[in-house]
Amino acid sequence: ALKAHTLTVGYTQGTNYRKCCPEGEWKDCFLADIEERYDQRKVHVYLNYPRLELGILEAMSCGCAVVESDTAPVREVIEHEDNGLLIIFFDPEFFARTITSLLKDRKRAKALGLAARQTIRQHYERNQCVQQHLALIKIVASGALGRDNKPQS
């Protein structure tokens, strides 16, 4: 039997992306939705709407093997089978099989996590991002962009 232990972090009260839960707190809403279908001592997976979020980049920077939705913004960072796994968000059975396969194949999970960390170090390290941001500011400030936001020749 496969056993999983998960640490869940984050706020349990307040807003989620500036939106308040219509029925109390988001945590309570989520737990009510899965009531009697989980062991309260073992939360296995937290699902999030398919989009690229800071939390994914943070998990990758920690060397976590990441399973994410196969959407355009996510594909900008994660390459399937290279530095993470991409799945169809609305296929829960495939999602569960993918998670289970990583839990069973720790060597594969570790390799994906190391590649994920390397991706973040190569492309999203703070100093590199600051330099890219400053370069963009200089382009905009110089007026080099036309009305259609394309560089003028």
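Q: What covers the buried residues of α5?

A: This is a predicted model, and in it the cover over the buried residues of α5 includes α2 (54-61), β4 and α4 (92-104).

Q: Which residues of α5 are buried?

A: The buried positions in α5 are A109, L112, G113, A116, T119 and I120, and because they cover an arc of only 115° around the axis, they sit on the same side of α5. On the other side of that helix, K107, K110, L114 and R121 are exposed.

Q: Why would residues three or four places apart point the same way?

A: An α-helix has 3.6 residues a turn, so residues with that spacing end up pointing the same way.

Q: How many residues does α5 have, and what does it reach from its first C-alpha to its last?

A: Helix α5 has 18 residues and reaches 26 Å between its first and last C-alpha, which is close to the 26 Å expected at 1.5 Å a residue.

Q: And α4, which of its residues are buried?

A: In α4 the buried residues are F95, T98 and L102, and they lie on the same side of α4 because their arc around the axis is only 65°. The exposed residues on the other side of α4 are P92, E93, R97 and K104, while the cover over its buried residues includes β3 (67-69), β4 and α5. As for its length, α4 has 13 residues and reaches 18 Å from first C-alpha to last, close to the 18 Å expected at 1.5 Å a residue.

Q: What is A116 in contact with, leaving aside its neighbours within four places in sequence?

A: With those neighbours set aside, A116 is in contact with M60, C64 and N83.

Q: Now the charges: how many salt bridges does the structure hold?

A: There are 2 salt bridges in the structure. In one of them the side chains of D70 and R75 meet at 2.6 Å, N to O, where D70 is partly exposed at a relative accessible area of 39% and R75 is partly exposed at 44%. The side chains of R108 and E81 also meet in a salt bridge, at 2.8 Å, N to O.

Q: Where in the chain are R108 and E81?

A: R108 is in helix α5 (residues 106-123), whereas E81 is in the loop between α3 (72-75) and β4 (85-87), so the pair links distant parts of the chain, 27 residues apart. R108 counts as partly exposed at 24% relative accessibility, and E81 likewise counts as partly exposed, at 46%.

Q: Last topic, how many disulfides does the structure hold?

A: The structure holds 0 disulfides. Taking C62 as an example, its sulfur is 5.6 Å from the closest cysteine sulfur, in C64, which is too far for a bond, given that a disulfide needs the two sulfur atoms within 2.5 Å.

Q: Are C62 and C129 buried, partly exposed or exposed?

A: C62 counts as exposed at 64% relative accessibility, whereas C129 counts as partly exposed at 29%.

How values were computed:
Residues are numbered from 1 along each chain as its sequence is written. This is a predicted model: local features need pLDDT of at least 70, side-chain atom pairs count only at pLDDT 80 or more; totals for chains, interfaces and linings use all residues. Side-chain values use heavy atoms; hydrogens and water are left out. Buried means under 20% relative accessible area, exposed over 50%, partly exposed in between (1.4 Å probe, protein chains only). A salt bridge is a side-chain nitrogen of Lys or Arg within 4 Å of a carboxyl oxygen of Asp or Glu. Helices (H or I, at least four residues) and strands (E, at least two) are DSSP runs, numbered from the N terminus. The expected span of a helix is 1.5 Å times one less than its number of residues. The arc is that of the directions from the helix axis to the C-beta atoms. Contact means heavy atoms within 4.5 Å.
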